[in-house]
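Student: I have a new model open and would like to talk through its side-chain packing. Could we go over it together?

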Amino acid sequence: LPAAAPAEFVQQPQSISRPAGTTAIFTCVAQGEPPPQITWLKNGQILETSDHIKLKNNNSTLSIYGINPADEAIYQCLAENSAGSSQASARLTVLWADGLPGPPQGVRARTVSATTIQVSWREPLQNTKEIIGYVLHIRKAADPVEMEYQEAVSKSTFQQLVTDLEPSTSYSFYIKAYTSRGASKASEVTVVSTLGEVPAMPSLFIKVLNSTAVQATWEPSIKLGQHEGFKLFYRKVHVSPYMGPVLLPSNVTAYIITHLDASVVYEVKLLAYNQHGDGNSTVRFVSLRESVERTVLNPPCDCMKEEQSNKTSTTGIIIGIHIGVTCIIFCVLFLMFGYRGRLLMCKNVQEQLATPQAPRSQRSAAGLVLNGAARRERDERPFGGKQLDLNELERLFPVPHSQDKAVTTVPGLPASHDETQLSPLPLNDFGIIEEEPPEQPPAASPGPAEEG
């Protein structure tokens, strides 16, 4: 265990002289093992603290605020522990000059707002010629004396507006008159409270709903401070009485005003209130005439219906384009193939007319074959035409095995009979000339119309 050490002073209090009304401070610091305890005495008696006598820093600092002749004394600092004790003393002299002014008279305080109080007073009753000014002492009533602060005031001024105070708070005030030789005694103390804080101004917005209704909206209540609700007023511009107030709870942030006149301008006013009163109001002006004009010029549309209509119209246009292109293609193909067919038929007829006809007796089935083969060579083309080979000719028109291989026509049958037998093969592919036996008389021979 460490050895015990008696208390001894590191810093002893010093005697001082101060003018009345000022602050006197004594400091006493001691050390030892265990750490010593400090006690203050006034003229040998244990010092009792009060509003203007305070001990701080584990009693190592003694502060006396607003000293007066009654505070003049010898102050002793006693430091003691289990190993021993030490004592030191200092004297406080309060300077008081004869002929100092008396205390200011009639001090009053009046609440102006939640943060402002006005203090007023009158001149002292005696020795006012040497006054150079006044000092106003201010502090919260709940705070210790050392927390007070001062404001200096001109000697010709007997009132002071104290600002930047806290709402719903009590403050104490007193005044001293100062001369070049010292200060007067303090005036009587007056205590007054500031007003409660009213809510802040809400941010108001107006939205036109239609020709007879508008919607008022404002910011959430958390931005306004403590409040009980809102008051909403509205009126026609230049008409004195307001409609309202409409009382709304604190959790409401919107209200719709209906049954309005579209031909006039309206003034809308909103404020928040609490138990301390009404806050400042926010005013907005709104006209419904523009809404009516916009409705006439731009009637509302059914956006969904219009979108569906646009989709339907677009689909119809696309389908119509496809159908039109398809029709054009078919028409072009029809014209091309129809024109080519007519051209080939005309060409075949011209060739038959231009080619010398051999006697029918010299025409044989071999001529049919050669005629078909030659015509097949002519009809070879890069598109469309039907090519007929030798096997197909023989299958359609079998050649008799008799010596007379010519194709004869049976008397009595109509000419169209042969055409019916030849109809499965298109005329534009090849030509067939029927041959008649020479024994028959010329009158029974079929004419050129019977040629296939």
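Tutor: Gladly! Keep in mind that this is a predicted model. Let's begin with the rings: the structure holds 5 aromatic pairs.

Student: Which geometry does the pair F233 and Y242 have?

Tutor: The ring centres of F233 and Y242 are 5.9 Å apart, and their planes meet at 70°. Planes over 60 degrees apart fall in one class. The pair is therefore edge-to-face.

Student: Which lysine lies over the face of F233?

Tutor: A charge over a ring has to be within 6 Å of the ring centre. At 4.8 Å from the centre of the F233 ring, the residue you want is K269.

Student: K269 makes me curious about S281; which residues is S281 in contact with, beyond four places in sequence?

Tutor: S281 is found in the loop between β25 (277-278) and β26 (282-287). L270 is 11 residues away from S281 in sequence, yet their C-alpha atoms are 5.4 Å apart in space. Leaving out neighbours within four places, the contacts of S281 are M201, K269, L270 and L271.

Student: Let's turn to the nonpolar packing. How many residues does the largest nonpolar core have?

Tutor: Residues with the most contacts inside this core include F9, F26, W40 and Y75. Among the elements giving two or more residues to the core are β1 (5-11), β3 (24-27) and β10 (84-95). Apart from it lies another core of 17 residues, with V214, F230, L232 and I257 among them. The largest core has 23 residues.

Student: Why is S60 classed as buried?

Tutor: S60 lies in the loop between β7 (53-56) and β8. Outside its sequence neighbours up to four places away, S60 touches F26, T27, C28, I38 and W40. The cut-off for buried is under 20% relative accessible area, and S60 is buried because its value is 13%.

Conventions. Residues are numbered from 1 along each chain as its sequence is written. This is a predicted model: local features need pLDDT of at least 70, side-chain atom pairs count only at pLDDT 80 or more; totals for chains, interfaces and linings use all residues. Side-chain values use heavy atoms; hydrogens and water are left out. A nonpolar core is a set of buried Ala, Val, Leu, Ile, Met, Phe, Trp, Tyr and Cys residues joined through side-chain atoms within 4.5 Å. Buried means under 20% relative accessible area, exposed over 50%, partly exposed in between (1.4 Å probe, protein chains only). Helices (H or I, at least four residues) and strands (E, at least two) are DSSP runs, numbered from the N terminus. Contact means heavy atoms within 4.5 Å. Rings of Phe, Tyr and Trp (its six-membered ring) pair if their centres lie within 6.5 Å; planes under 30 degrees apart count as stacked, over 60 as edge-to-face and the rest as tilted. A charge sits over a ring if NZ of Lys or CZ of Arg is within 6 Å of the ring centre and within 35 degrees of the ring normal.
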